[in-house]
Amino acid sequence: MDNLVKELKEEIIKVLNLEDITPEDIDETAPLFGEGLGLDSIDALELIVMLEKNYGIKLEDPAKGKEIFQSINVMADYVANNRKK
Amino acid sequence: MAETLEHKQWQGTTDGPQFLHRAIIPVMRWTPLWLHYSVLVFYVLGYLTFSPKSRRVTYQFFRQAMGWGRFKSMLGVLKNHFRFGQIITDRFAKYAGKKFNITVEGREIFDNLAEKPGCFMVISSHTGCYEMAGYSLTSTKKRINTVSYGKEVKSIMDNRREQFAVTGTNMIFVNDDMSHLFEINNALRRGEVVSIPGDRLFGSTKYIVCDFFGRPAKFPRGPFATAAQRGAPVITAFVMKGRYRDYHMVVRSLTDGLPDGLSRAELEQTIAQNFASALEAELRKYPTQWFNYYDFWE
């Protein structure tokens with residue numbers, strides 16, 4: 001799981017082009033949107049597409065998205081249990 | 001360069017009480033359009049008196065972007081607001097079943113993409129009456145999804161939904177819970193068409209700086225980032241008002257002839273700049289038909 005958390009952090013930094021942030025700067029328990037990383041709707045769309053491309057996870061339900069994007073840890077847990085790639 | 005901007009701009013909803021919106025449709029079925037345009041003159045004069053912000057930003061647009069003199073700019077402010085009133089009137093007239101003549105230049109660009117497999121995007125703008133495109137740019141092969149500001153008044157939304165249901169257009173409303181993102185993504189994944197405004201910041205506050213009328217201006221990053229992310233072809237359509245019941249639609253490709261090997265950021269920037277240039281070219285032809293009542297260059 002630790003490897004997946006690290007991988008997700010690196011992917012998020014890459015797809016969102018967070019140039020000044022390192023994986024160590026991201027708190028895996030902090031909210032991704034609003035506080036924490038302070039991501040917004042464009043970033044959310046990037047994450048939806050990233051999950052689809054990298055892990056074969058198609059997120060279609062907004063309620064599910066809200067649940068998954070709570071934090072890196074929650075996201076990693078969901079990816080581990082639902083990945084197709 | 002993509003950056004962020006606090007969005008406290010004009011909210012973009014239609015003015016006026018809802019009972020009036022509802023009452024006007026049956027009235028319009030039995031009255032000529034010119035009569036409503038005549039009444040509009042008084043409404044526009046009253047509106048301009050009590051709306052210094054829209055008066056100021058429109059005047060600045062004519063002075064600074066178009067380079068017009070003081071008198072011509074003041075006249076432009078009047079014409080712009082009257083045009084806007086006419087376009088809102090035309091929307092209701094359309095809901096009431098009145099017919100308009102719409103000529104289309106570049107329809108083959110839309111039709112070619114609609115025939116091919118895969119999604120594409122239409123970037124719209126707050127010029128003329130884009131809603132009229134919903135009655136003309138239709139496809140039997142692909143569903144069209146129009147992203148719309150979710151807080152527009154109910155009477156407008158209900159009528160828009162009813163009218164577009166006839167042409168098979170699906171409305172996606174921008175919501176605070178980001179559910180619209182899932183709808184946009186699902187539509188693109190299914191190979192459908194997504195139409196989204198490209199000249200107003202709403203939803204996300206991230207923007208791309210483009211050259212617009214010779215000065216840097218902020219365009220919303222969302223539509224261009226979404227297109228670049230999917231590598232989707234992008235077109236734009238402007239539906240400008242002509243005389244009385246005439247509209248002229250122009251369709252342009254924003255992604256034809258792009259150089260190979262562009263990075264994601266470069267692709268976003270190039271599509272956004274192509275849109276800004278196409279919008280500028282259209283506004284130079286129809287300077288009184290841009291209805292974005294906030295300082296676009298702030």
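B:D90 is buried, with a relative accessible area of 0% (buried means under 20% relative accessible area, exposed over 50%, partly exposed in between, using a 1.4 Å probe and protein chains only). Its side chain meets that of B:K241 in a salt bridge (2.7 Å, N to O), and B:K241 is buried too, at 2%. A salt bridge here is a side-chain nitrogen of Lys or Arg within 4 Å of a carboxyl oxygen of Asp or Glu. This is a predicted model, where local features need pLDDT of at least 70, side-chain atom pairs count only at pLDDT 80 or more, and totals for chains, interfaces and linings use all residues. Residues are numbered from 1 along each chain as its sequence is written, chains are lettered from A and ligands numbered from 1 in the order in which they are written, and side-chain values use heavy atoms, with hydrogens and water left out.

- B:D90 sits in helix 4 (residues 70-95) and B:K241 in strand 9 (residues 234-241) of chain B, so their bridge ties together parts that are 151 residues apart in sequence. Helices (H or I, at least four residues) and strands (E, at least two) are DSSP runs, numbered from the N terminus.
- B:R252 pairs up with B:E105 in another salt bridge, with the closest N and O atoms 3.3 Å apart.
- That pair also links distant parts of the chain: B:R252 is in strand 10 (residues 246-253) and B:E105 in strand 2 (residues 101-105), 147 residues apart.
- B:R252 is partly exposed at 32% relative accessibility, and B:E105 is partly exposed at 33%.
- B:E192 bridges to B:R190, with 3.0 Å between the closest N and O atoms, and B:E192 counts as buried at 11%.

**Where chain B meets chain A**

- Each side brings some residues to the contact: 18 from chain B and 18 from chain A. Contact means heavy atoms within 4.5 Å.
- About 1700 Å² is buried between the two chains, and carbon and sulfur atoms give 58% of that. Buried area is the accessible area (1.4 Å probe) that two parts lose on being put together, summed over both.
- In chain B, B:F182, B:R189 and B:Q229 lose the most area to chain A, together 39% of what that side buries.
- There are six salt bridges between chain B and chain A. In one of these, A:E60 joins B:R189, the closest N and O atoms being 2.9 Å apart.
- Helix 8 (179-189) and helix 9 (221-230) are the elements that give two or more residues to the side of chain B that touches chain A.
- A:E46, B:R221, B:R264 and B:E268 are linked in a network of salt bridges.

**A look at helix 9 of chain B**

- Nine of the 10 residues in helix 9 are buried, including B:R221, B:F224 and B:Q229.
- Just after this helix, B:G231 takes a positive phi of about 65°.

**How confident is the predictor?**

- Chain B averages a pLDDT of 87, and 87% of the residues score at least 70. pLDDT is the predictor's confidence in each residue, from 0 to 100.
- Over residues 1-10 of chain B, pLDDT stays under 50.
- For the complex, the predictor gives an ipTM of 0.82 and a pTM of 0.88.
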